[in-house]
Amino acid sequence: MTSGPDGLGTRLRHVLELLDGDVAQFLADIGVEDYRPRYSAVVRALLAKGPLAIRDLAAEMRVTHSAASQTVAQMSRAGLVALEPGADARQRIVSLTPKTRDLLPLLEGEWTATNEAWDALEAELPHSLRALLDALVEALDRKPFRQRIGETQAARELL
């Protein structure tokens, strides 16, 4: 059995928790409170593209609409983004607030420091994790994991 601490999902979540936890602590160390590492994808997308509908923001971030909506809701409560009605009643347009724009020098410094730290960490690894993750996404684009599960003997016995 591969569940428990040896499961792939468990390992991936653990690594992400280690990384995000330390980035969050560094943000606190430099005085950036009420900001979670997951917010950076939203900030970067809005800096690059300007105000976006949540649907478009989700596509930029490569997450589900639900995940983007939850993150935006948290950021809105913290005063980091503003929400305005879009072209139709169901659409909400997300934009950065002055509070977030004021934080940009610190955030950009953190992003630079984090990338430098990642480069140093990756140099210790036997393979480039970035390249491996890119290859993994490409493989999953070619054939989704759901399809791969369905093709296994164990799945055929269950179905």
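# Exercises on a predicted model

The lining of the largest pocket takes its largest share, ten residues, from helix 1. The structure is a predicted model.

**Exercise 1. Describe the largest pocket: its volume, its lining and the elements that supply the lining.**

Solution. 
1. Start with the volume, which is about 2,500 Å³.
2. Next, count the lining: 41 residues line the largest pocket. Leu16, Leu19, Asp20, Trp118 and Leu133 lie nearest its centre.
3. Sort the lining by class. There are 26 nonpolar, four polar and eleven charged residues.
4. Assign the lining to elements. At least two residues each come from helix 1 (8-29), helix 2 (39-49), helix 3 (54-61), helix 4 (65-77), helix 5 (98-123) and helix 6. Helix 1 gives the largest share, with ten residues.

**Exercise 2. Which residues form the nonpolar patch on the surface, and which elements give two or more of them?**

Solution. 
1. List the members: the patch consists of Leu133, Leu136, Leu140, Phe145 and Ile149. Together they have about 440 Å² of accessible area.
2. Find the elements. Helix 6 (129-142) and helix 7 (145-150) each give two or more residues to the patch. The largest share, three residues, is from helix 6.
3. Take one member, leucine 136, which is found in helix 6. Its relative accessibility is 44%.

**Exercise 3. Where do aspartate 34 and arginine 62 lie, and is each buried or exposed?**

Solution. 
1. Locate aspartate 34: it is in the loop between helix 1 and helix 2. Arginine 62 is in the loop between helix 3 and helix 4.
2. Read the backbone angle. Aspartate 34 has a positive phi of about 55°, although it is not a glycine. For arginine 62, also not a glycine, the positive phi is about 60°.
3. Apply the cut-off for exposed, which is over 50% relative accessible area. Aspartate 34 has 58% relative accessibility, so it counts as exposed. Arginine 62 has a relative accessible area of 70%, so it is exposed.

**Exercise 4. Summarise the protein chain: its secondary structure, its span and its share of buried residues.**

Solution. 
1. Count the elements: there are eight helices and three strands.
2. Write their order from the N terminus: α-α-β-α-α-β-β-α-α-α-α.
3. Along its principal axes, the C-alpha trace extends over about 55 × 45 × 25 Å.
4. State the buried share: of the 159 residues in the chain, 26% are buried.

Definitions and conventions:
Residues numbered from 1 in each chain as written. Predicted model: local features only at pLDDT ≥ 70, side-chain atom pairs only at ≥ 80, totals over all residues. Heavy atoms only, no water. Patch = residues over 30% accessible without salt bridge, like charges linked within 9 Å, V, L, I, M, F, W, Y side chains within 5 Å. Areas by Shrake-Rupley, 256 points an atom, 1.4 Å probe, with all protein chains shown as cover. Salt bridge = Lys/Arg side-chain N within 4 Å of Asp/Glu carboxyl O. Helix = DSSP H or I, 4+ residues; strand = E, 2+ residues; numbered from the N terminus. Buried < 20%, exposed > 50% of the residue type's maximum accessible area, 1.4 Å probe, protein only. 1 Å grid on protein atoms, 1.4 Å probe; cavity = no way out; pocket = protein on both sides within 12 Å on 5 of 7 lines; lining within 4 Å. Points joined across faces, edges and corners; volume = space filled by probe spheres on them. Nonpolar A, V, L, I, M, F, W, Y, C, P; charged D, E, K, R; others polar.
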